[in-house]
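Here is a walk through one protein model, from its helices to its core and its charged pairs. Please keep the sequence and the coordinates open while reading.

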Amino acid sequence: MAQAKIQAKMNEVPRSKFSRTLSMADRSGRLLENMDQLETRVEALREAATAIEQEREGILEMIQSIQNSQEMRNICAGEREELALTAERLMGRTLSVEVSIGTIRSSQQEDALRRATSMIDEIVGKLLEDMDGGRQRLLALHAACVTEAPPVPIDQKFQVVVISCALEDQKKIKRRLETLLRNVGHAEKNIKIMDNQKLEDSKTANGSH
């Protein structure tokens, strides 16, 4: 009788261990599934934050474009003042939206980002001296950031630097260059309009004599 009880107890041990192992595996599987779902949500969160950041940049760019537009100069002083105040208010509200997306970088990627930023800043600092030349250099930098074959020469040195940057930084560098090129385009257009107006005013003044 005692021998039978001992044998029965021994027979229970592997079964209980086996049952416990299955339970641990189930718990582990559920935890891994939860982690997979969280990873998907984290990536969706970062994408949403990036979209908000880009929308913020786009709104600021549009406000600045309106503020510096020729149309603003062609309206009466009262309306111009009212629109300027509205633009300032919208600018302030947009700037109050703060979005921060951290990027994990290696020391090599940190150095590459500093070099890429410095190369862009150097061109921006000389834009007023030579806008057309600066635009051509910006186009060459932008060509280094696109995958399709660009219609302009590529800045090979800048391309090597950008490739060494983190992927998120590469996207931000490309967006910054696109914004700069649009701003240069708007500035050149306004300068051309103002120059044409001067010519017309000069012709009118000569015709009146």
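How many residues apart in helix 4 are Arg114 and Asp111, and what separation along the helix is that? Before the answer, some conventions apply. This is a predicted model, in which local features need pLDDT of at least 70 and side-chain atom pairs count only at pLDDT 80 or more, while totals for chains, interfaces and linings use all residues. Residues are numbered from 1 along each chain as its sequence is written, and side-chain values use heavy atoms, with hydrogens and water left out.

Arg114 and Asp111 are three residues apart in helix 4, which means about one helical turn lies between them. Helices here are DSSP runs of H or I with at least four residues, strands are E runs of at least two, and both are numbered from the N terminus. The two side chains form a salt bridge, with their closest N and O atoms 4.0 Å apart. A salt bridge is counted when a side-chain nitrogen of Lys or Arg lies within 4 Å of a carboxyl oxygen of Asp or Glu. Side chains of opposite charge can pair when their charged atoms come close.

Asp111 also forms a salt bridge with Arg115, where the closest N and O atoms are again 4.0 Å apart. Arg115 and Asp111 are four residues apart in helix 4, a separation of about one helical turn. For accessibility, buried means under 20% relative accessible area, exposed means over 50%, and partly exposed is in between, using a 1.4 Å probe and protein chains only. Arg114 is exposed at 52%, Arg115 is partly exposed at 42%, and Asp111 is partly exposed at 35%.

Elsewhere, Glu122 and Lys126 meet in a salt bridge with an N to O distance of 3.8 Å. Glu122 has a relative accessible area of 41% and is partly exposed; Lys126, also at 41%, is partly exposed. Glu53, Glu57 and Arg175 are linked in a network of salt bridges. Over the whole structure the search finds eleven salt bridges.

Now the overall fold. The protein has seven helices and zero strands, giving the pattern α-α-α-α-α-α-α along the sequence. Of its 209 residues, 21% are buried. Contact means heavy atoms within 4.5 Å. Among contacts with a separation of 6 or more, 72% are between residues 24 or more positions apart.

What does the largest nonpolar core contain? This core has 21 residues, and those with the most contacts inside it are Ile120, Leu138, Phe158, Ile173 and Leu177. Helix 4 (107–125), helix 5 (131–143), helix 6 (156–163) and helix 7 (167–208) each supply at least two of its residues. The largest share, six residues, comes from helix 4. A nonpolar core is defined as a set of buried Ala, Val, Leu, Ile, Met, Phe, Trp, Tyr and Cys residues joined through side-chain atoms within 4.5 Å.

Ile173 shows some of this packing. Leaving out residues up to four places away in sequence, Ile173 touches Leu113, Ala116, Ile120, Cys145, Phe158, Val162 and Cys165.

The axes of helix 4 and helix 6 come within 8 Å and cross at roughly 145°. Axes are lines fitted to C-alpha atoms, for helices over the stretch in contact, with angles running from 0 to 180 degrees between N-to-C directions. The contact is made by Ala112, Arg115, Ala116, Met119 and Ile120 of helix 4 and by Lys157, Phe158 and Val161 of helix 6.

Cys145 is buried at 16% relative accessibility, and Cys165 is buried at 4%.

Finally, consider a charged residue type away from the surface pairs. Glu61 is located in helix 1 (residues 2–67). With a relative accessible area of 11%, Glu61 is buried. Not counting residues up to four places away in sequence, Glu61 touches Thr179, Arg182 and Asn183.
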